[in-house]
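Reader: I would like to learn how to read the features of a model like this one. Please take them one at a time, with the general idea before the case.

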Amino acid sequence: MDPDVLQPKRFVSVLAGPKIELPNKTVIEQIVGQMNASPEQIALVHGTTRYSYRELALAASATAQQLRTRQIEPNHLVPILCGGGVPLVIAILGTMLAGAAFVPLDIKWPEQRLQAVLTNLSPHVVLFERSLDTSLLEPKGVACFPISLCGVSESEPVVRNGEDICYGVFTSGSTGTPKCCLNTQRGLLNRFSYMSRYFDLRPGETVLQNSHHVFDSSLWQLLWPLSIGATVVIPDRCGILDVHATLREIAEHKVVMTDFVPSILSILVRALEARSSLVELLSSLRFLLVGGEEINPSTIRKLKRLLPSLSVINTYGPTECAIGMAFHEICKTDESKIPLGSPIANTYAVILDERNRAVPVGTVGQIAISGDCLGAGYFDEPQQTEAAFILNPFHEIPYPRLYLTGDLGHVGADGLLHFNGRNDSQIKLGGVRIELGEVSSMALSVPGITDFVALPHTLPNGSATLIGFACSDSRVSPKALKTELERYLPKGSVPSRIYLLDQMPLTPNGKVDRGVLMALLGSCACGTAQSSSKDAVLETTLTRIWRAELGLPDADAQTNYFDEGGDSLSAVNIILGISEALGRAVTVDMLMRAPTPSMMAEMLIRSSADEPEIERLRALVNDDLERAWSIIGGPRPSKAIEQLRPRTVFMTGATGYVGVHALDALLDSPIERIICLIRASCQADGRDRLKSAFAQNRIHPDRINERISVVPGTLGKRYFGLPLKQFRDLARSSDLVLHAGAEVNLAKPYAELRPINVQGTIDVIEFSSAGDPIPIHFLSTLSVFRPTSFVTSEAQTPPLTDALELSGYECTKAAAETILLEARNAGIPVSVFRIGEAMPSVKTAAINPKSIIHQIIGASIRMNVYTRLPVAVDFSPVDVLAKAISKALTESPNAARNYHVFNRRALNLQDFFAAVNERRPLKEVDYASFHAKLKSVSEEFPCVRELRGLLAQLPLPAWGDEGVDRFLGRFREPGLLYHETATAALGIDWPEPHELVRHIVTPASP
């Protein structure tokens, strides 16, 4: 971006954009120039339709020639009646070639609205889509020309003056008769010239039209790319608000730039957070423009965390100016509120008081704008034009008129324009003037609130009140939000009631539909609607459990367990509480699908009457087994088990905690080449992810050498997301597969984890079988056995009937083991490593941030206090585990056996902290004091996620000894339950647990 166009000149309360010279060619002349320079370049893409610049030129010329037969003159308005798409672009360009002004209309508008706007315009001619019924035009006697989609000769554009009208756009009719806002040739040229300087968009790159065609923001998306030789992608209009369809369009066409209104952007970000795999679909996107509504900063923060390299630009400007007049590239300093920004080139903004006088910097007033952006007023509405486009009294602004936007704003100390609501959204309740924009703005500043609308409402008794509608991504309760608003707003400005919605209802152009909100309020369809549970007694019982487990006395039937701080590990507590209270089995995946008392009650009732949940899970597992059997087939010939040492290893999961240490150990082995499948956009990106994993685990990134090859791909996609030929070539060049990849999440159900953990394992088998079968070494967990199991032999396999009662994660590992053992029986050499508690590395002391044991140790050392927790686990250093895996892989690649890899010499946490005390004094406290200290420190240092994560998992002191015992019951001492011979078989030299203390204890401050 050109830095010269980013810095406006400041005059007290007047903001001025930079002064630049405009090109001597109009927008249509620039587009014709691209048509002549690159005729075969693709200009438009719409589904399977492709238009080159030459084809577009011919079609637009045919339309222009039709218009010229009607003696079209400058400033004549030509309505374009269509549904958008390619016909719209052809009609716009044809109208511009003919020298007239275009006015987009929507064929889906109600007939009365269409009649009203056509009556208002009284046009000489209307261009329409061929499939349209034009009967509504016949009584008007208007000449109607169908839009030509092809042509035989090209036309030169009619040269027009910069002050001539270029286009008209109708404003919404929700507040009265629609008005047609007129904008000039100079205004459009100025906006496009600025964008060409501001954005580094290159010829051949793609822009997605993501705004409805009757709104002015669609014009830059459709026309500006054509003026610089780029490609415009037009989605099917029926899917414009389908976020997933839009994401697919962006990925398929490698879109680099598009536009979203904030309401749709919020939905997009939620979709990305819910399914992280969707983020990859936006990897091509460099610029995202946002405008039309006030932006919630939290939405942008989340988006930037997901896509840190994406430039997000807030845009501002009413329809009365050429597609906007202020830009602001959102940055990290925009914490609480995002500015509107600075005027673009050749434009101005000034803040006025009620008498249209400039106000001091920092004072809120009405935003007025001027400059080349300014439109020509409203068609055939001289009085409204005169009222809104006033004479300019300011000598600093060298233009004759100002437009009064009706928006409230101020110039901040940062020299930027800021938004403060609307001056026409003021209401009076009980004689008190209330600014609705102020209420909404304050609500959006509350953490967790993603959307908010305040509306006046008349009660049946005739009195008026203020109602709020909110959306939240962290289940902020209406009571909590109201309390926050009471802290900052006058009493009369605080809504009397607040309703929580899953999603704001939107109009077709993506803005909040206030009519639907009022209808919802009238039907009591939101917020405090009565529970739909069929069994009030069951729902009441479950609500009591929610209150006890979450420590929230005001939790109700709609309280979401996970939104209120519930975690994958602490979920065990509430599952046990439900099971004990009801005397029936409840699983974690059931809680994931039914996280509120109301939803859980309905699920339990339904599962009692219908097919049990366990049977549904069993059906999914059986489906996976059937697919695996179809790939495994019959027994393999004996030649498949030749005892050869591997030279090339294909590895999944190389960036995981155990996987990265296993890769590090392989670098010390005779293995010549290690091919790492890494989820990445390219090899360079994959290598960066690998370096980051090494650094996070305190392994020097320089160890990543030429022996490591990175293959960008995705475990869980068929053929790892690779072309079939590459998949098979990699398989035939590999001697062994080390399958360490998995999604580790104890909260997700089997169905959500199966793509990576189960179906990804089936793909590994298919990979192994692409040629002569090669060995598979699979990393599993001792948790595939029930906590009460006593395993007498490593050859013992976890019964699936038992595994179905485990967490979704543990069930996927058990299913994967079952599938791999079937492959072993068919002749594929499969070795399974069931590992215990992977503790910090002896060499580096790098911890696993997802392990609760690691979190307890880290928090205790950080806070200099510990509490007695009678937990005994195996202390198995991850680097020792990794060496054992590497040794088995290199020395016994075809052993086709199971290994239980854990340190039999378990250590009690009490003994561990006693050993720590010898090196670093820690104060012993009771559990309640430990919990209180942890809460205090996590609030003092909110950036330390591990502290907050641990706090969410630990039982509340109010639960007493029973709650703590239930929490501790999840841990087991492997040496008492599992047979283990791997230590001798692999020659593992486990360090004494007490010796690990000196590696783990590092200086830390509370």
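Author: The expected span of a helix is 1.5 Å times one less than its number of residues. The 14 residues of helix 27 should therefore span 20 Å, and its end C-alpha atoms are 20 Å apart, which agrees. This is a predicted model, in which local features need pLDDT of at least 70 and side-chain atom pairs count only at pLDDT 80 or more, while totals for chains, interfaces and linings use all residues. Residues are numbered from 1 along each chain as its sequence is written, and side-chain values use heavy atoms, with hydrogens and water left out.

Reader: What is the confidence of the model, as mean pLDDT of the chain?

Author: pLDDT is the predictor's confidence in each residue, from 0 to 100. The chain has a mean pLDDT of 79, and 77% of its residues reach 70 or more. Over residues 1-11 the pLDDT is below 50, yet this stretch has 27 contacts in the model beyond near neighbours in sequence; contact means heavy atoms within 4.5 Å. Residues 636-642 also stay under 50, with 14 contacts beyond four places in sequence.

Reader: In what order do the strands of the seven-stranded open sheet lie?

Author: Strands of a sheet pair through backbone hydrogen bonds, either parallel or antiparallel. Here two strands pair if DSSP finds at least two bridges between them. The order is 31-30-29-32-33-34-39, with parallel pairing. Strand 31 (708-712) and strand 39 stand at the edges with a single partner strand each, so one side of each has no neighbour in the sheet. From one strand to the next the twist averages 20 degrees, angles being taken from 0 to 180 degrees between N-to-C directions of axes, which are lines fitted to C-alpha atoms (for helices, over the stretch in contact).

Reader: Which bridges can I check in that sheet?

Author: Strand 29 (residues 648-652) and strand 30 (residues 673-678) run parallel and are joined by five bridges, with Val 649 opposite Ile 674. Six bridges link strand 33 (residues 776-781) to strand 34 in the parallel sense, and Ile 776 has Val 830 as its partner.

Reader: Which residues lie on each face of strand 34?

Author: In a regular strand the side chains alternate between the two faces of the sheet. Val 830, Val 832 and Arg 834 lie on one side of strand 34, and Ser 831, Phe 833 and Ile 835 on the other; all are buried. Six of the six residues of strand 34 (residues 830-835) are buried, so this strand is largely enclosed by the rest of the structure.

Reader: Which residues touch the most other members of the largest nonpolar core?

Author: In soluble globular proteins, nonpolar side chains tend to be buried together. A nonpolar core is a set of buried Ala, Val, Leu, Ile, Met, Phe, Trp, Tyr and Cys residues joined through side-chain atoms within 4.5 Å. In the largest, of 70 residues, Leu 93, Phe 199 and Met 257 touch the most other members. Helix 3 gives the largest share of this core, 10 residues. Another core, of 43 residues, lies apart from it and includes Ile 674 and Leu 986.

Notes
Helices (H or I, at least four residues) and strands (E, at least two) are DSSP runs, numbered from the N terminus. Buried means under 20% relative accessible area, exposed over 50%, partly exposed in between (1.4 Å probe, protein chains only).
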